[in-house]
Amino acid sequence: EAQRLLGNCFSMLVLLALVLTTLLLLFKTPLLRLFGASDDTLPYADSYLSVYLIGTISVQLALGLNQFISAQGFAKTAMATVCVGAALNIILDPILIFACDMGVRGAALATVISQTVSAAWVLWFVCSTRSTLRLRVQYLRISPRVMASVLALGLSPFIMQSTESLVQIAFNTSMQSYGGDLYVSAIVIMSSVMQFFTMPVMGFAQGAQPIIGFNYGAGNYADLKKLFAMCIRILLAAGVVIFAISQLAAGWTMRILSEIIQRYMKCRCPVSGCLRFVF
């Protein structure tokens, strides 16, 4: 039954990737306008998205199937999947953007290549003998019953992520209307800083979820209460520390990101420019 879930989710991820790629290619210009792109930034956004959409299926498979690796208890392998893609992206970005003089298309291509490597890693694992749950052809046919159970559990995080995206869209369009590209850049920098501070808390919470779910399913309510209380204490302490850092180092973090953007705009020479940008 677990392998049936894996096969159905694989098929749905591929199907969704094809649908999303087609729709976004057809309506990318009005969507970019909706997301806050101006006449000046639209060509860059269009160039990035046109290349990035090629890797939609890789992104879907890398992120979606990686959950099946974590669910089997291979947390290190799941983490390696993310780290391989992230490290490769960091390496390829300055090479393709500056050394190859591809600009934003280079940034998109670096992401596509990195996500494709991560997706290949995940597919290799779930098809290998190392995986308890293996991707099998007989389970690829989509079952309405299986998909109904998946959607029932996935609807809540989908709504949460969607509303966060809508908030970001509202920010971008409002900043574009009232302040132009400068205001949009400012809100993007602030969003990046916010993610930098909130991701550790989100990672801890996501890591605790399978342990909480296991203890709940096993009926270990005493251990569940202790674990829940520990999570609250740790996350509360982390929240206080993160808030203090954000208040004390707000100007410093903003200056770092502003400096990166300025160096990106000024740096156009090939290899030496890449190294100056990176360091």
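Is E1 buried or exposed? E1 is exposed, with a relative accessible area of 55%. Here, exposed means over 50% relative accessible area, buried means under 20%, and partly exposed lies in between (1.4 Å probe, protein chains only). The model is predicted: local features need pLDDT of at least 70, side-chain atom pairs count only at pLDDT 80 or more, and totals for chains, interfaces and linings use all residues. Residues are numbered from 1 along each chain as its sequence is written, and side-chain values use heavy atoms, with hydrogens and water left out.

Side chains of opposite charge can pair when their charged atoms come close. A salt bridge is counted when a side-chain nitrogen of Lys or Arg lies within 4 Å of a carboxyl oxygen of Asp or Glu. The count by this rule is four salt bridges.

E1 takes part in a network of salt bridges with R4 and R145. Between R4 and E1, the closest N and O atoms are 3.7 Å apart. R4 is partly exposed, at 32% relative accessibility. Between R145 and E1, the closest N and O atoms are 3.2 Å apart. This pair links distant parts of the chain, 144 residues apart: R145 lies in helix α6 (residues 144-178), and E1 in the segment before α1 (2-34). Helices are DSSP runs (H or I, at least four residues), numbered from the N terminus. R145 is exposed, at 52% relative accessibility.

Another salt bridge joins K28 and D46, with the closest N and O atoms 3.6 Å apart. K28 belongs to helix α1 and D46 to helix α2 (residues 42-52), 18 residues apart. K28 is buried, with a relative accessible area of 16%. D46 is partly exposed, at 23%.

Conventions
Helix = DSSP H or I, 4+ residues; strand = E, 2+ residues; numbered from the N terminus.
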